[in-house]
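Dear colleague,

I am passing on the structure below, and would ask you to look through it before reading my notes. The notes follow directly after it.

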Amino acid sequence: MNISVIGSGFSGLSAAAYLAKKGHKVSVYEKNETIGGRARMFTQDGFMFDMGPSWYWMPEVFEKFFKDHGSSVNEHYDLVRLDPSYQVFFEDEKLEIPADYESLLMVFEKLEKGGADKLNRFLQSAKLKYDAAMTGPVKLPGMSFTELFQPKIVKSALHLKLTQSFSEYVRKQFNSSKIHQLLEFPILFLGSSPTKIPALYSMLNYADMKLGTWYPMGGMYKIIEGFERVVKSYGVDFHTSAPVEAITVNAGNANALKLQNDTIATDLIVAGADYHHVERNLLPSDLWQYTDKYWDSRDMAPSAIIMYLGVKGQIPGLLHHNLFFDEPYQAHLDTINIIKDWPENPLFYVSNPSKTDPSVAPAGYENLFVLIPTTPGLLNEYDNLKEHYLKIVVGRIKKQTGVDISDRIVVKKFFMPNDFVNDYNAFKGNAYGLANTLMQTHFLKPRMKHKKINNLFFTGQLTVPGPGVPPTILSGEIVASLINNN
Ligand SMILES: Cc1cc2nc3c(=O)[nH]c(=O)nc-3n(C[C@H](O)[C@H](O)[C@H](O)COP(=O)(O)OP(=O)(O)OC[C@H]3O[C@@H](n4cnc5c(N)ncnc54)[C@H](O)[C@@H]3O)c2cc1C
């Protein structure tokens with residue numbers, strides 16, 4: 001079959017690889033000049049900035065992808081485990097999260113009497129959830145509820161704590177507010193308010209604290225380059241600067257993609273671009289599956305203000321990954337989730353990959369990526385918004401590390417919520433798709449196979465299994481097996 005893949009993010013690349021492996025003739029169409037989607041990069045004045053993901057978690061998912069295609073991670077990049085994994089700045093102290101588990105237990109014991117035993121119990125249960133999810137639901141296409149009726153899944157469902165909120169679950173087991181924040185941070189950045197996310201997602205804490213935080217030397221874009229090599233080895237064509245403008249459909253079958261100056265006949269389409277955009281902008285309205293009401297009621301993951309900064313000199317107090325939780329935590333959550341405004345005293349994250357990898361900045365300079373989670377759908381900037389937040393970030397870095405970078409910034413680029421719309425056609429400017437709420441999990445997510453068009457399939461962070469690099473790699477594999485087994 002001739003298969004067209006729309007979008008070259010992780011999901012599109014993964015789908016292209018698995019489909020081409022089965023012998024299909026696959027072509028990838030990407031609107032931007034370069035491939036990688038949210039995981040693109042840019043270079044400027046000797047700096048290499050990864051534009052999106054910076055946390056490399058669940059290394060076995062990457063290894064499996066390469067192995068499935070006769071290769072291995074080592075053939076594409078050197079993977080190093082970070083130690084400490086990351087640090088958190090609280091108002092009154094700084095905490096380093098060691099890679100070594102025994103040392104981590106000591107950190108928890110110091111934060112709360114009995115914290116080590118509690119963490120052991122918490123992570124034992126998190127492992128059960130992780131294993132249950134990875135061997136079952138994460139690999140299923142979510143076509144219907146009945147998919148989950150497998151003895152192994154039903155048995156493990158008892159451990160999943162589907163109805164309890166993550167926030168409640170964590171608070172039942174730990175008293176320390178610092179521990180609450182430590183355990184909730186992956187939810188805050190990748191999901192939504194911990195009060196809306198099921199306890200099931202403590203599996204992310206297992207990924208963090210047991211499986212570790214890793215880094216591909218050369219930057220996260222090395223992974224995209226590895227994927228590109230694999231996909232090209234099957235003879236897949238890439239078309240960049242090629243936005244798809246419409247999908248033409250005849251009698252329930254998609255038969256062509258319309259580009260600006262061309263129409264491409266196709267036997268089947270896999271859309272890895274944002275789901276809402278494909279459905280609403282590329283299809284005629286009589287073929288929409290979901291109503292405005294449906295989309296408006298979706299709980300989107302946060303958007304973000306991102307800064308890419310090249311800084312002269314060193315910043316000794318920073319590690320590779322740094323969480324600035326030195327302002328009231330709940331206030332930021334409430335502002336972005338309930339009040340839906342720009343956060344006044346934001347929590348933010350700083351990645352400083354030049355701490356590990358000298359290749360991403362010129363000698364004597366630091367490479368900083370700053371991310372402030374914001375309300376999805378809040379797209380209109382007020383005057384001076386960017387500089388306002390830069391000033392806050394610079395002030396907080398100075399407060400926590402004693403280093404003033406205000407006069408040392410030699411490269412400065414912002415990526416704002418509106419850029420997610422312009423660059424990726426992202427619904428409400430979402431950075432990470434749909435929030436992982438219970439009502440948006442598995443078969444309750446937008447469907448992988450279009451209800452009214454036989455040969456239109458979806459992959460990526462708005463469908464199963466969800467947002468994040470490992471899930472979107474799996475999403476590409478799942479959609480390919482759905483097609484290959486159809
Ligand atoms: C700032 C940021 C930080 C993140 N940090 C992490 C992290 O540390 N770790 C982690 O695991 N995950 C992280 N994530 C999440 C992860 O990056 C994403 O879930 C994943 O990369 C999404 O892949 P995707 O294929 O679903 O979508 P995308 O990467 O968005 O790919 C979709 C592609 O479709 C293209 N497209 C859109 N419309 C069209 C059209 N009409 N025609 C042709 N092409 C089109 C887009 O240009 C894009 O290239 C982060 C995301 C962001 C934004």
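In which loop is Lys340 found? Lys340 is found in the loop between α12 (329–339) and β16 (348–351), where helices (H or I, at least four residues) and strands (E, at least two) are DSSP runs numbered from the N terminus. Please keep in mind that this is a predicted model, in which local features need pLDDT of at least 70 and side-chain atom pairs count only at pLDDT 80 or more, while totals for chains, interfaces and linings use all residues. Residues are numbered from 1 along each chain as its sequence is written.

Backbone details

Most residues other than glycine have a negative phi, and most peptide bonds are trans. Phi of Lys340, however, is positive, near 60 degrees, and this residue is partly exposed because 13 other C-beta atoms lie within 10 Å (buried means 20 or more such atoms within 10 Å, exposed 12 or fewer, partly exposed in between, with C-beta atoms placed from the backbone). Ser241, in the loop between β9 (237–239) and β10, also has a positive phi, near 50 degrees, and counts as exposed, since it has 12 C-beta neighbours inside 10 Å. A cis peptide bond runs from Asp83 to Pro84, with omega near -5 degrees, and Pro84 lies in the loop between β5 (79–81) and β6 (86–90).

Domains

The chain is divided into domain 1 (2–72 + 218–298 + 434–484), domain 2 (100–211) and domain 3 (300–423), with bounds that come from an automatic or database domain assignment. The centres of domain 1 and domain 2, taken over C-alpha atoms, are separated by 28 Å. To their contact (C-beta atoms, placed from the backbone, within 7 Å) domain 1 gives 19 residues and domain 2 gives 20 residues.

The ligand

Around the ligand there are 37 residues, of which Gly7, Gly9, Gly37, Ala273 and Gly460 come nearest (a residue is near if its C-beta atom, placed from the backbone, lies within 6 Å). Domain 1 and domain 3 each provide at least three residues of this shell, and α1, with three residues, gives the most to it.

A sheet

Three strands form an open, antiparallel sheet in the order β10-β11-β12, where two strands pair if DSSP finds at least two bridges between them. Because β10 (246–250) and β12 (263–265) stand at the edges with a single partner strand each, one side of each is left without a neighbour in the sheet.

With best regards

Methods: Two residues are in contact if their C-beta atoms, placed from the backbone, lie within 7 Å.
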